[in-house]
Amino acid sequence: MIQTDEHILSGTSVDLNPSVGGEDEYEMVYHKPETMVDVCMHYCPGCAHSLVHKLIMEVVEDMDIQEKTIGIAPVGCSVFAYEYMNIDMQEAAHGRACAVATAVKRLMPEKYVFTYQGDGDLAAIGIGETLHAINRGENILIVFMNNAVYGMTSGQMAPTTLVGMKTTTSPEGRDLALYGAPIKVAELMAQLPGAFYVTRQSVNNANAVRRTKKALSNAFKYQQLHKGTCLVEIIGNCPSNWKMTPLEASKFIDEEMIKTFPLGDIKLPKLEAI
Amino acid sequence: MTELKLMKGNEALAEAAIQAGCDAYFGYPITPQSEVLEYLAREMPKYNRVVIQAESEVASINMVYGAAGAGFRAMTSSSSPGISLMQEGISYLAGAELPCLIVNVNRAGPGLGTIQPGQGDYFQSVKGGGHGDYKMIVLAPASVQEMADFVYLGFDLAEKYRNPVLILSDGAIGQMMEKVQFKDYTPPLVDKSWATTGKPKNRERNFITSLFIQPEAMEQHNFKLEAKFKIIRENEVRFEEYQTADADYLFVAYGLSARICQKSMDIAREKGIKVGLFRPITVYPYPYQRLLELAGQVKMMMSVELNSGQMVEDVQLAVKGKIPVEFYGKMGGMMPTPEEILLHLEKLIYYDTN
Amino acid sequence: MEVNDSAIATNSTKKVKGRVDIDIQRCKGCELCTVACKEQALSLSDTINIKGYRYIVANNNVCTGCVNCALVCPDAVITVYRTTAKKKKIDVTPLDIKGQLLAMNATIK
């Protein structure tokens, strides 16, 4: 029988075996970044969006650039990113975040400007703006959340949906003959000379999270160089629309998604470009 | 006042943009307004301003959104098919209450149409165009001088009301060469504390959005916008009248068709027909009140437009059925002559009196 | 925000001990932290929080403060404490960009 306990009202954690003795001195080694708004995020349990929001805000806090960062939110599940990131943000029309970011960065080149986009936003309706912003070498960071499905509109096929993957608009599985293969955005955009740093990471285990944070941190630092666009593609899960638990979704990334979307750096900054 | 210059309409508009302190221009080539983009691509870098030839009109209007959201004076220009592409962006700009200037050098349509001038975008400009309940202040120049003057006015109004402003020109005024003078101008100081310039410690974060997912909030936001448009309607109506004091009949026309009607009116007067011309300068907010007053004086109004009949509906609304409202139109980019406009009026007068 | 250990070795023979605090009202019971924890210190409660989720409870006796759970937590509900954390100065304004990048490139996988 489900029951609630009194301690729930106070919101403190439950220690199954509280440690005995007080001779140990504990220091805080990890806390939620203060650059996040202190509010519950609406994302589903286990959603990669909230995790990556946290990582980006950690980088902003580490680098102490809250006053200098402007984020551009997409249309999709993360349309409410501006409710959770405590920085100035603009909500762009669907797919157009790279155009919006282009203008913001050109007019305020000393600021840190990033877009945060999902598969439909960046790779379907927004593929033109994305490609041209990278081709122009706009000095922005593009964070591309790739979960192979349209989340907010309840699970339609995305340009990145795997062949054979069932979605509401590919109920028998994505048909290669009808819809083509999933688009590998990182490889596609890395070919453009304006792309300075392109990488694909995931966040489905602790080490992957560490690598992704490192990639984001590097990408933010590269903005100071004004040498081109940084694109960080992050393979995320969508437990709700994949019809899996968060743990099953993490496994699915390792077993299936990475076969189509290999992780790693696709384009590293050339040292002579510095 | 600076020296008198002979300039093409599009270029006068571009030069005025620089002098009005436009920080950023984003555009895409389309006839008959590519000169605006070309002029600014050449001149803006000299002033360290931003100019980008974007990959499409869709990208252009979204770049305007980003620039306006960051508190800068931003503008774009296009012609009818490109303005159609911008409609989503315009709705977003209005919903997010962002000031900006958009220029439509109207060409005849629909569809790809032709490159000759038209006035078929009237409905698109003043009745909506984009989705949702919003309005733009729409200024209709009828000369190269007004192409320049309306840029200063447009930016000032946009920032005063935090709303997009549209300059509704057409292919003839954009391409013709006339004398123009640029005035001495300093942009007025406006509060832009809402802009996304980076959140300092002493204020809350700013976010620019037109999303209000709770219906209660969406309704409140719409009330706010409607209140703003009401103030605009009460304060920003502009028009010009020519020989209306003793007129029996009235041409109602804007932009290029007003110029042709002016000649028509002169010929009519020579023939002894007392015709006046009423030229709205703002087609939104429309000068309904003044037209209603004139309806008490004239016997008939005739709207003259380069389309199948769009502004005529606003004239009908204005006079509230008091007098007949007629229409003369020309489509496809064809130009009516002053004589044919007058002939149509004379026919109407004949049928009315016989 | 993670505070990394520096390279300075400790000559203490004490075992590293950790402790986690969980904001149970914000926890959504996604269980991602349970597999991230090498010590299997985390499990779902039998009871539910205000939002109706079963939340995570911790066995702090076996916690080593490795921060894995907090890293994978999508909702940032975990705060981690450790006994032998050595503080390292956080690098905020890199002065030598080229040197930094050379160092960074050496560690990017």
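**Figure 1. Three strands from chains A and C form an open sheet in this predicted model.** The strand order is E1(A)-E4(C)-E1(C), and the pairing is antiparallel. Strand E1 (27-30) of chain A and strand E1 (18-22) of chain C stand at the edges. Each has a single partner strand, so one side of each is left without a neighbour in the sheet. On average, neighbouring strands here are turned by 35° against each other, direction ignored.

**Figure 2. Close-up of the pairing between E1(C) and E4(C).** Strand E4 covers residues 78-82 of chain C. E1(C) and E4(C) run antiparallel and are joined by five bridges. In this pairing, C:Arg19 stands opposite C:Tyr81 of E4(C).

**Figure 3. Chain A meets chain B.** Chain B gives 31 residues to the contact, and chain A gives 29 residues. On the side of chain B that touches chain A, several elements supply at least two residues each. They are strand E2 (24-27), strand E3 (50-53), helix H3 (57-69), helix H5 (87-95) and strand E9 (207-208) of chain B. H3(B) provides the largest share of this side, seven residues. By class, the side of chain B that touches chain A holds 16 nonpolar, 10 polar and five charged residues.

**Figure 4. A strand of chain A pairs with a strand of chain B.** The partners are strand E3 (residues 88-91) of chain A and E9(B). They pair in the parallel sense, over two bridges. A:Gln90 stands opposite B:Ile208, a residue in E9(B). E9(B) also supplies at least two residues to the side of chain B that touches chain A.

**Figure 5. Helix H6 of chain A and the residue after it.** H6(A) spans residues 127-136. Within this helix, A:Glu129, A:Thr130, A:His132, A:Ala133 and A:Ile134 are buried. A:Gly137 follows H6(A), and its phi is positive, near 70°.

**Figure 6. Chain B as a whole, with 13 helices and 15 strands.** The radius of gyration of chain B is 21 Å, close to the 20 Å that the globule rule gives for 354 residues, so chain B is as compact as a globular protein of that length. Along the principal axes, its C-alpha atoms fill a box of roughly 75 × 50 × 40 Å. Of the 354 residues of chain B, 54% count as buried. Among contacts in chain B between residues at least 6 apart in sequence, 78% join residues at least 24 apart.

**Figure 7. Two domains of chain B in contact.** The domain assignment gives domain 1 (5-235) and domain 2 (241-353). The C-alpha centres of these two domains of chain B lie 29 Å apart. Across the contact, 26 residues of domain 1 meet 21 residues of domain 2. On the side of domain 1 of chain B that touches domain 2, the elements giving two or more residues are helix H6 (122-126), strand E6 (137-139), strand E7 (164-170), helix H8 (171-175) and helix H9 (215-235) of chain B. H6(B) gives the largest share of this side, four residues. The residues of this side of domain 1 divide into 16 nonpolar, seven polar and three charged.

Technical notes: Residues are numbered from 1 along each chain as its sequence is written. Chains are lettered from A and ligands numbered from 1 in the order in which they are written. This is a predicted model: local features need pLDDT of at least 70, side-chain atom pairs count only at pLDDT 80 or more; totals for chains, interfaces and linings use all residues. Two residues are in contact if their C-beta atoms, placed from the backbone, lie within 7 Å. Ala, Val, Leu, Ile, Met, Phe, Trp, Tyr, Cys and Pro count as nonpolar, Asp, Glu, Lys and Arg as charged, and the others, Gly among them, as polar. Two strands pair if DSSP finds at least two bridges between them. The radius of gyration is taken over C-alpha atoms; the globule rule is 2.2 Å times the number of residues to the power 0.38. A residue is buried if 20 or more other C-beta atoms lie within 10 Å of its own, exposed if 12 or fewer, and partly exposed in between; C-beta atoms are placed from the backbone. Axes are lines fitted to C-alpha atoms, for helices over the stretch in contact, and angles run from 0 to 180 degrees between N-to-C directions. Domain bounds come from an automatic or database domain assignment.
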